[in-house]
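Colleague: I have just opened this entry and would like to learn how to read it. Could you take me through it feature by feature?

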Amino acid sequence: MPGLEPALPDKLRFGRFPITDVSPVVEDGDFPAKALPGEGIVISATATREGHDALGVSAVLYSPRGKEKQRVRLDQLGKGLDRWSGVLTPGKPGLWSFAVEAWHDRYGTWHHNSDVKIAAGVDVELMLAEGAKLLHEAADDDDRSEADRRTFRAAAEALADTSRSVPERLAAGESPEVLFAVERFPIRELVTVTKPYPLLVERDRAGRGSWYEFFPRSEGAWRDPQTGQWTSGTFRTAAERLPAVAAMGFDVLYMPPIHPIGVAYRKGPNNTLVAGPGDPGSPWAIGAPEGGHDAIHPELGTFEDFDAFVTRANELGLEVALDLALQASPDHPWVTNHPEWFTTRVDGSIAYAENPPKKYQDIYPLNFDNDPEGLSREILRIVNLWIDHGVSIFRVDNPHTKPVWFWEWLIGKVNKKNPDVVFLAEAFTRPAMMKSLGRAGFQQSYSYFTWRNTREELEEFFTMITKEWAPFYRPNLFVNTPDILTEYLQFGGWPAFKIRAVLAAMAAPTWGVYAGYELFEHVARPGAEEYIDNEKFEYKERDWARAEAEGRSLAPYITRLNEIRRAHPALADLQNLTLQSCTDDATLVFSKHKVLEDGAKDTLIVVVNVDPHSTRESLVQLDLESLDLEPGLFDGDGKFRVDDLITGQSWWWGEENYVRLDAHVEPAHILHVRR
């Protein structure tokens, strides 16, 4: 109708081309996605358009100052799915951002149409003329390099040259030189750009590293054979163990709480309710007349001794992680001075911790609802105190039992002043809570890994941590803890210890070991999934040197795994894990691949027999495209060379490969593609 104007809203949700489902994006950008320096971050989006013309999609990375640092063209995933993906690689720590662009691909549209029409003899001269015009315009673009402009100009002239044959003219417009120039700097129109999405790049140790846990009171502790009385280890004796920890290739030394331990309701050996006069109690029952979270257990030493311990660890390349357990024993000064920080029951008693059927009478949980400001500021004071004494990492005990807002506040306050401080969440709990803690700022978290043992369970778990949860959750794959000794380790023999170590060390950039793992400690308290004579309640004396001398130590194997991790950049990323196929349901296969800044490539294939009791045979079927193999790597039979980084053996592998793994000889292959 004359004079009728379209009633368009002032602000449309879609631009010229719809771009949706952008990843990694957390709550529409309310929380930043997580990244590490040099980490390949998979950017994906759904982008589509009307009609049949070609669509191009790119991802753009911006530095913390808003300067464009990288631009990559995204590849389409599957035909007709309109899903696009590529990799951006941020640099130094800071709050980066990225955006996705969709645009009319002028050259791609012409390329497709000209191939189809000219082959059919339809509009031949018209298609060649359109190509010449397109490339002439590109040659006049001052933003392009002079070399590209010459390439486009020559191709345009050839397309317009009627003295040449049609195939020659078309070939000039589709030459490798033209394709390379267009790929590097596409010919774009009608560009649609998403809003920028935040990407928080944190330091390496926030998501990369090998952790080792020990109780300092056990390192150097000794038992008098005549009286049976124990003498506690100290920071000075524990420091003597540090060179061995560093020699195994670990990056972080984590210690349980080092504070005074309460006497009231102190637990005895194996969590018994009555403690003897020489029983040290649980380090997590924090607080005594000597002090609370801001004090050191007098048997361990002084602050001067602690500072010397941290200095020695740093000299050996180890960072010290300290347990932050926000709870108190009945003897903690807080109980007297701040009863409002606890929950008082109707009978006037303070509620102790419970996880039915477990009861922890020696521990009072905190209540953040009565005086949230006062309690929060006290905890911030304590964290800053330990930072001042060289602690750069906090392993937070049971963070899921405290309000999530508190963690968002605390981590935000600490990282604003000390951005290098890392918080690890010890949270074995419901998925929704684990996700919330990651969003709140925890740099990494414990995981369900210890209970994922079969091929099916592990494949599902690895998909979750490397794809679905990767934007907000970094797993630390501990193989054991003082609280967790799974049936797999209890009954799997030494092969089980090797298997779990390989899986943890190869699948994730961060993994951890609790002391005694290298000695194959596997005896559980009857009916429980934790160690008999648990170190949480008593001293533990271990003869490391004798075990290694007698060949009863996994330390050399762990050392080799950490050597492999340090030598291969592909293992330093989380999102680059690709599950591969095989015919045996107890053989797990995955690969990790990374293209380095200089263009070099690092590719590993990990094959693990996850049945610690038997020999397994299978045909491993590789997705060769995922390995990004250059044509020159293949021999005449389509095979490429791989080296086993554990055994030193080498083989020629291809798309399908026979594998036999005897769990009692060597349960895993860690294969490096030779380039």
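**Reading the contacts**

Modeller: Not counting residues up to four places away in sequence, Asn453 touches Leu458, Tyr488, Arg500 and Val610; contact means heavy atoms within 4.5 Å. This is a predicted model, in which local features need pLDDT of at least 70 and side-chain atom pairs count only at pLDDT 80 or more, while totals for chains, interfaces and linings use all residues. Residues are numbered from 1 along each chain as its sequence is written, and side-chain values use heavy atoms, with hydrogens and water left out.

Colleague: Where does Asn453 lie, and is Asn453 buried or exposed?

Modeller: Buried means under 20% relative accessible area, exposed over 50%, and partly exposed in between (1.4 Å probe, protein chains only). Asn453 is buried, with a relative accessible area of 17%. Its place is the loop between strand S22 (444-445) and H13. Helices (H or I, at least four residues) and strands (E, at least two) are DSSP runs, numbered from the N terminus.

Colleague: With which side chain does the side chain of Asn453 make a polar contact?

Modeller: A polar contact is a pair of N or O atoms within 3.5 Å; within protein, one must be able to donate a hydrogen and the other to accept it, and residues adjacent in sequence count only if both atoms are side-chain atoms. For Asn453 the partner is the side chain of Arg500, at 3.2 Å. Glu666 is buried, with a relative accessible area of 12%, and lies in the loop between strand S32 (656-662) and S33. Leaving aside neighbours within four places in sequence, Glu666 is in contact with Lys498, Tyr557, Ile646, Thr647 and Leu661.

Colleague: How should I read a salt bridge, and how many salt bridges are there?

Modeller: Side chains of opposite charge can pair when their charged atoms come close. The rule used here is a side-chain nitrogen of Lys or Arg within 4 Å of a carboxyl oxygen of Asp or Glu. By this rule the count comes to 52 salt bridges. One of them joins Glu202 and Arg474, whose closest N and O atoms are 3.1 Å apart. Glu202 lies in the loop between strand S10 (197-201) and strand S11 (209-213), and Arg474 in the loop between helix H13 (455-468) and strand S23 (477-478), so the pair ties together parts that are 272 residues apart in sequence. Both Glu202 and Arg474 are buried.

Colleague: What are the closest N and O atoms' distance and the partner for Arg674?

Modeller: Arg674 forms a salt bridge with Asp643, with the closest N and O atoms 2.7 Å apart. Arg674 lies in the segment after strand S33 (668-673) and Asp643 in strand S30 (residues 640-644), so this pair ties together parts 31 residues apart in sequence. Arg674 is partly exposed, with a relative accessible area of 40%, whereas Asp643 is buried at 17%. Elsewhere, salt bridges that share partners join Glu68, Arg71, Glu101 and Arg188 into one network.

Colleague: Which residues of the largest nonpolar core touch the most other members?

Modeller: In soluble globular proteins, nonpolar side chains tend to be buried together. A nonpolar core is a set of buried Ala, Val, Leu, Ile, Met, Phe, Trp, Tyr and Cys residues joined through side-chain atoms within 4.5 Å. The largest one has 156 residues, and Tyr212, Phe214, Phe309, Phe423, Phe462, Met506 and Trp511 touch the most other members. Helix H15 (residues 493-507) supplies the largest share of this core, ten residues. Apart from this core lies another, of 20 residues, with Ile118, Ala132, Ala156 and Ala181 among them.

Colleague: How many residues does helix H1 have, and which of the residues of H1 are buried?

Modeller: The expected span of a helix is 1.5 Å times one less than its number of residues. Helix H1 (residues 106-120) has 15 residues and reaches 21 Å from its first C-alpha to its last, close to the 21 Å expected at 1.5 Å a residue. Its buried residues are Arg106, Tyr107, Gly108, Thr109, Trp110, Ser114 and Ile118. At the start of H1, a side-chain oxygen of Asp105 reaches to within 3.5 Å of the backbone nitrogen of Tyr107. Just after H1, Gly121 takes a positive phi of about 75°.
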